[in-house]
Amino acid sequence: MSRAVSVSLQKGGVGKTTIAINLADALAVRENDVLLVDLDQQGNATEGVGMKDAYESADPNIGDVLTDDDPIDVKEVIHDREHFDVLPAHVDLDDIEDRVRNSTFGVLWVRRRIVDPLLDGEYDYLVIDSPPSLGPLSDAALIGTGNVVVPLLMSEPSVSGFERMFEQQIAPIRREVDLDILAIVPNDLTGNNEERRIIRDLESSPFEKFIPRFAQSDLFDDPESKGPGIRHRIAFSRAWRDGKTLREYDPTSDMLDRLDELAEIVEQGGRDDA
């Protein structure tokens with residue numbers, strides 16, 4: 001089943017872009033046609049897949065798709081890549097967010113101009129790297145995809161950011177349209193006691209069903225395990241620096257199996273035992 005998904009949290013510095021890039025890669029490796037869409041005004045996903053020049057290019061861009069004047073066909077601004085395609089961010093996205101905010105149906109533009117024309121016919125999966133803040137572009141991504149993966153650092157500020165996102169964004173959107181949380185992904189873990197406490201708190205909350213098996217707290221005590229979650233690995237930042245996915249940079253990384261499990265969750269539309 002084809003599916004669009006936003007990778008989103010209304011707080012920066014949680015590894016959102018890393019998860020988005022490598023989720024797109026993991027889905028592509030599973031023989032899917034995948035498009036990575038960078039809706040973050042900072043353009044980190046665009047740079048992280050080696051397309052930094054597209055961010056400031058004078059050529060038609062994502063901003064020309066998300067406009068109420070004379071939008072161009074989204075297919076004209078997609079860039080090919082070896083394993084998956086990319087719709088890069090552009091420096092003009094701040095201006096486009098203002099247009100989305102000031103237009104009556106602006107929050108539907110992502111669905112109508114990106115998701116609907118491309119999902120099924122062109123791509124099996126669309127992965128959107130959303131802005132790291134509450135706002136009309138972030139709303140448009142969630143409404144457009146109807147699915148969200150939430151990366152979290154196991155820290156109180158990060159968890160508080162998710163709680164605000166759920167109360168101020170996800171819950172209100174759910175009152176109007178379908179929006180499913182596919183996974184909450186503990187990210188960049190090092191194995192300290194605070195991480196253990198927060199994962200266990202999440203497991204005792206209504207959000208327990210969204211925690212992947214690879215991120216559950218019992219792995220802290222499993223001598224055969226690396227520990228729960230997506231672990232801190234310097235290869236993630238080095239891969240981004242080189243414009244590569246983790247798999248391209250280090251095909252032997254011990255985190256690839258966990259990214260593949262996350263891709264399987266997205267394919268299934270959630271944890272199969274939830």
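User: Which residues is W240 in contact with, leaving aside its neighbours within four places in sequence?

Analyst: In this predicted model, W240 touches I21, N44, E47 and G48. A contact here requires heavy atoms within 4.5 Å. W240 itself sits in helix 10, residues 234-241.

User: Why does W240 count as partly exposed?

Analyst: The relative accessibility of W240 is 30%. Buried would need a value under 20% and exposed one over 50%, so W240 at 30% counts as partly exposed.

User: How far is W240 from H79 in sequence and in space?

Analyst: The two residues are 161 residues apart in sequence, while their C-alpha atoms are 18 Å apart.

User: What makes H90 buried?

Analyst: H90 has a relative accessibility of 4%. The cut-off for buried is under 20%, so H90 qualifies. H90 lies in the loop between strand 3 (85-87) and helix 5 (93-102). Beyond four places in sequence, its contacts are Q41, A54, Y55, E56, S57, N61 and I62.

User: Why is helix 7 described as largely enclosed by the rest of the structure?

Analyst: Helix 7 spans residues 136-145, and nine of these ten residues are buried, so the description follows from that count. The buried ones are P136, L137, S138, A140, A141, L142, I143, G144 and T145.

User: What do the buried residues of helix 7 pack against?

Analyst: They pack against strand 1 (3-7), strand 4 (125-129) and strand 5 (147-152), and also against helix 5, helix 6 (109-118) and helix 8 (156-174). After helix 7 comes G146, with a positive phi near 75 degrees.

User: Why is helix 1 called roughly perpendicular to helix 12?

Analyst: Helix 1 (residues 16-29) and helix 12 (residues 256-268) pack at about 75 degrees, and their axes are 8 Å apart. Angles from 65 to 115 degrees count as roughly perpendicular, so the label applies to helix 1 and helix 12.

User: Which residues form that contact, and how do they divide by type?

Analyst: From helix 1 come I19, N22, L23, A26 and L27, which meet L259, D260, L262, A263, V266 and E267 of helix 12. The contact residues divide into eight nonpolar, one polar and two charged.

User: Which residues have the most contacts inside the largest nonpolar core?

Analyst: They are L23, L36, V127, V149 and L152, in a core of 61 residues. Helix 1 supplies the largest share of this core, eight residues. Another core, of 28 residues, lies apart from it, and includes L35, V77, I78 and I96.

User: What is L152 in contact with, leaving aside its neighbours within four places in sequence?

Analyst: The list is L9, S158, V159, F162, I184, V185, P186, N187 and L202.

User: How many of the residues count as buried, and what share of contacts join residues at least 24 apart?

Analyst: Of the 274 residues, 56% count as buried. Among contacts between residues at least 6 apart in sequence, 75% join residues at least 24 apart.

How values were computed: Residues are numbered from 1 along each chain as its sequence is written. This is a predicted model: local features need pLDDT of at least 70, side-chain atom pairs count only at pLDDT 80 or more; totals for chains, interfaces and linings use all residues. Side-chain values use heavy atoms; hydrogens and water are left out. Axes are lines fitted to C-alpha atoms, for helices over the stretch in contact, and angles run from 0 to 180 degrees between N-to-C directions. Helices (H or I, at least four residues) and strands (E, at least two) are DSSP runs, numbered from the N terminus. Angles under 35 degrees count as roughly parallel, over 145 as roughly antiparallel, 65 to 115 as roughly perpendicular and the rest as oblique. Ala, Val, Leu, Ile, Met, Phe, Trp, Tyr, Cys and Pro count as nonpolar, Asp, Glu, Lys and Arg as charged, and the others, Gly among them, as polar. A nonpolar core is a set of buried Ala, Val, Leu, Ile, Met, Phe, Trp, Tyr and Cys residues joined through side-chain atoms within 4.5 Å. Buried means under 20% relative accessible area, exposed over 50%, partly exposed in between (1.4 Å probe, protein chains only).
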